[in-house]
Amino acid sequence: AAHQQVPAMQPQQLAMLSWSLMMLRVRPPAALTTRLLAASLSSLEHHSDQDVAMLMYSLGRMRAVEEGPWLHAAQARVMQRAGSMNGSMVLGVLLGLAALDWSPEGGKAWLSDFVLAARPALQRMAPRQLELGYHAVVSLHPELGVLWGSAFANLLQQQQQQYPEVGARQ
């Protein structure tokens, strides 16, 4: 019955439905997943940063989304908003992608750009959050670990030296 209500749900309700299913470890039926992806895709621009991060995390953890229109739109949305996201949101995006074993062509460049754009949130993250995010990224593209060093802390320090004007604006 829930799948019939999905098209009429508000963005926050869609995110909470996805989150709840993930937390209950319920693999949604294909019909529900299809409606959830369609409804959230059609209203993605109205979703808050938190809703999009929750959707990416929960759908990724449930492995309920594949490479395609929804994921591309969600990636574009979080890239556009990366600078204003908080640490939990950035971590949700990274962990969701890692749960999907996401590695499309261009994925390494997208991850690098996203991490650079999300730098303000990364700088405010607790050490454990930074560690989880770093491991999520490196699990998708191990070569980024070679480029960035052993932790986001090293990357942030390198970026501060390379882009001092970004740090001055924060």
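**Helix packing and ring pairs**

In this predicted model, the axes of helix α4 (residues 49-62) and helix α6 (residues 87-99) come within 7 Å and cross at roughly 25°. Residues are numbered from 1 along each chain as its sequence is written. Local features need pLDDT of at least 70, side-chain atom pairs count only at pLDDT 80 or more, totals for chains, interfaces and linings use all residues, and side-chain values use heavy atoms, with hydrogens and water left out.

User: Why is α4 called roughly parallel to α6?
Analyst: Angles under 35 degrees count as roughly parallel, over 145 as roughly antiparallel, 65 to 115 as roughly perpendicular and the rest as oblique. The two axes cross at roughly 25°, so α4 is roughly parallel to α6.

User: What makes the Trp19 and Tyr57 pair tilted?
Analyst: Rings pair if their centres lie within 6.5 Å; planes under 30 degrees apart count as stacked, over 60 as edge-to-face and the rest as tilted. Here the centres are 5.7 Å apart and the planes sit at 35°, so tilted it is. Trp19 lies in helix α2 (residues 11-23) and Tyr57 in helix α4.

User: Why does Tyr57 count as buried?
Analyst: Buried means under 20% relative accessible area, exposed over 50%, and partly exposed in between (1.4 Å probe, protein chains only). Tyr57 has 15% relative accessibility, so Tyr57 is buried. Trp19, at 28%, counts as partly exposed.

User: And what makes Thr34 exposed?
Analyst: Thr34 has a relative accessible area of 53%, so Thr34 is exposed.

User: Why is the Trp102 and Trp110 pair edge-to-face?
Analyst: Their planes are at 75°, with ring centres 5.5 Å apart, so the pair is edge-to-face.

Note on methods:
Axes are lines fitted to C-alpha atoms, for helices over the stretch in contact, and angles run from 0 to 180 degrees between N-to-C directions. Helices (H or I, at least four residues) and strands (E, at least two) are DSSP runs, numbered from the N terminus. Rings of Phe, Tyr and Trp (its six-membered ring) pair if their centres lie within 6.5 Å; planes under 30 degrees apart count as stacked, over 60 as edge-to-face and the rest as tilted.
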